[in-house]
Amino acid sequence: MDFYAYVERCREMDKERECPDRCELKGFPAVPPVWVPPPQNGERPVGLIVSRDPTVAFIPTYLSSRAMSASSGREYLFASDAIPRWICDRIAVFNRSFMQNSLSEEELAYFRRVLYGKVYWTHLHKCCTDKRGDQSSKFKKKNAYRCADRWLRSEIAFAVQERVLFVVALGKDVEQWCERNRDLIDSSGVRLYRLPHPSRANMASWYPKDEHVRERLAGEIGSLVRQCSEV
């Protein structure tokens, strides 16, 4: 089974039967696990972006995408007001604010095209969570790690077979899980990038006051954008 066949199988999974028994989200059958289609039109994935968890606010958008073909559904999700667009927007602002526009408009435009067309977007925690705990469970790291150990680890393993170049960990929870699984990433020569989560609630992390934090983030962003310019 290749990466594409694996993701397509996962998109039709029965979470009550296949997900870890100890995951509390198995008790919310109406809450869908989110599986974004991989790159389409013969494009092999050049990288993975891993965000923490979709929220219940994303459910209508996701269900609309499920009614479309994989190609149209992917385009619809990537064009939505969500992670891919936020990453591009945050990087563009950071480049202006702290990198003296060292990344050109052409480089940033090409990065956006690569992200939208050649990168696989997935989550540490597949099922949608609810900050209020009404429609779904609140985010809990124990559930996220159980989910990731069952699904994300396999996704990365299959993606490695496709010779992906990088994994982008968005936020501390994803970064910590990736550090626990460095054997899977390091053994393949895949580059691990660490970026703040790009949600509006986390804007302070994109405006760090600490100079060393700014320099590290500038280095991560510059390396990621320039690596994408080579594909």
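Trainee: What should I know before we start?

Mentor: This is a predicted model, where local features need pLDDT of at least 70, side-chain atom pairs count only at pLDDT 80 or more, and totals for chains, interfaces and linings use all residues. Residues are numbered from 1 along each chain as its sequence is written, and side-chain values use heavy atoms, with hydrogens and water left out.

Trainee: OK. How many helices and strands are there?

Mentor: The protein has 11 helices and four strands. Helices (H or I, at least four residues) and strands (E, at least two) are DSSP runs, numbered from the N terminus.

Trainee: And what's the radius of gyration like for 231 residues?

Mentor: It is 17 Å, which agrees with the value near 17 Å for a compact globule of 231 residues. That radius is taken over C-alpha atoms, and the globule rule is 2.2 Å times the number of residues to the power 0.38. Along the principal axes, the C-alpha atoms fill a box of roughly 50 × 40 × 35 Å.

Trainee: What share of the residues is buried?

Mentor: Buried residues make up 52% of the 231. Buried means under 20% relative accessible area, exposed means over 50%, and partly exposed is in between (1.4 Å probe, protein chains only).

Trainee: What about contacts along the chain?

Mentor: Take the contacts between residues at least 6 apart in sequence: 79% of them join residues at least 24 apart. Contact here means heavy atoms within 4.5 Å.

Trainee: Switching to charges: how many positive and negative side chains are there?

Mentor: There are 37 positive and 31 negative side chains, and the centres of the two sets lie 3 Å apart. Lys and Arg count as positive and Asp and Glu as negative, while His and the chain ends are not counted. The place of a charge is taken as NZ of Lys, CZ of Arg, CG of Asp or CD of Glu.

Trainee: Let's zoom in. Which residues are buried in helix 1?

Mentor: Helix 1 covers residues 3-11, and its buried residues are Phe3, Tyr6, Val7, Cys10 and Arg11. Seen down the helix axis, they fall within an arc of 140°, so they line one face of helix 1. The arc is that of the directions from the helix axis to the C-beta atoms.

Trainee: What covers them?

Mentor: The cover for the buried residues of helix 1 includes helix 3 (59-66), strand 2 (119-123) and helix 8 (152-161).

Trainee: And helix 3, which of its residues are buried?

Mentor: In helix 3, Ile59, Thr61, Tyr62 and Ser65 are buried. They cover an arc of only 165° around the axis, which puts them on the same side of helix 3. Their cover includes helix 1 and helix 4 (70-79).

Trainee: Now single residues. Is asparagine 143 buried or exposed?

Mentor: Asparagine 143 is buried, with a relative accessible area of 0%. It sits in helix 7 (residues 141-150). Leaving aside neighbours within four places in sequence, asparagine 143 is in contact with Arg22, Cys23, Glu24, Leu25, His125 and Ser137.

Trainee: Where is valine 190?

Mentor: Valine 190 is in the loop between helix 10 (182-186) and strand 4 (191-195). At 8% relative accessibility, valine 190 counts as buried. Not counting residues up to four places away in sequence, the residues valine 190 touches include Val160, Val164 and Ile185.

Trainee: What does valine 225 touch?

Mentor: Valine 225 lies in helix 11 and touches Ile91, Leu103, Glu107 and Phe111, not counting residues up to four places away in sequence. Valine 225 is buried, with a relative accessible area of 1%. Valine 225 and arginine 112 are 113 residues apart in sequence and 9.1 Å apart in space, C-alpha to C-alpha.

Trainee: Last topic: what is phi for asparagine 41?

Mentor: Asparagine 41 has a positive phi of about 60°, although it is not a glycine. Most residues other than glycine have a negative phi. Asparagine 41 is in the loop between helix 2 (15-18) and strand 1 (47-51), and it is exposed, with a relative accessible area of 70%.

Trainee: And what about asparagine 101?

Mentor: Asparagine 101 also has a positive phi, near 55°. Asparagine 101 is found in the loop between helix 5 (83-98) and helix 6 (105-118) and counts as partly exposed at 44% relative accessibility.
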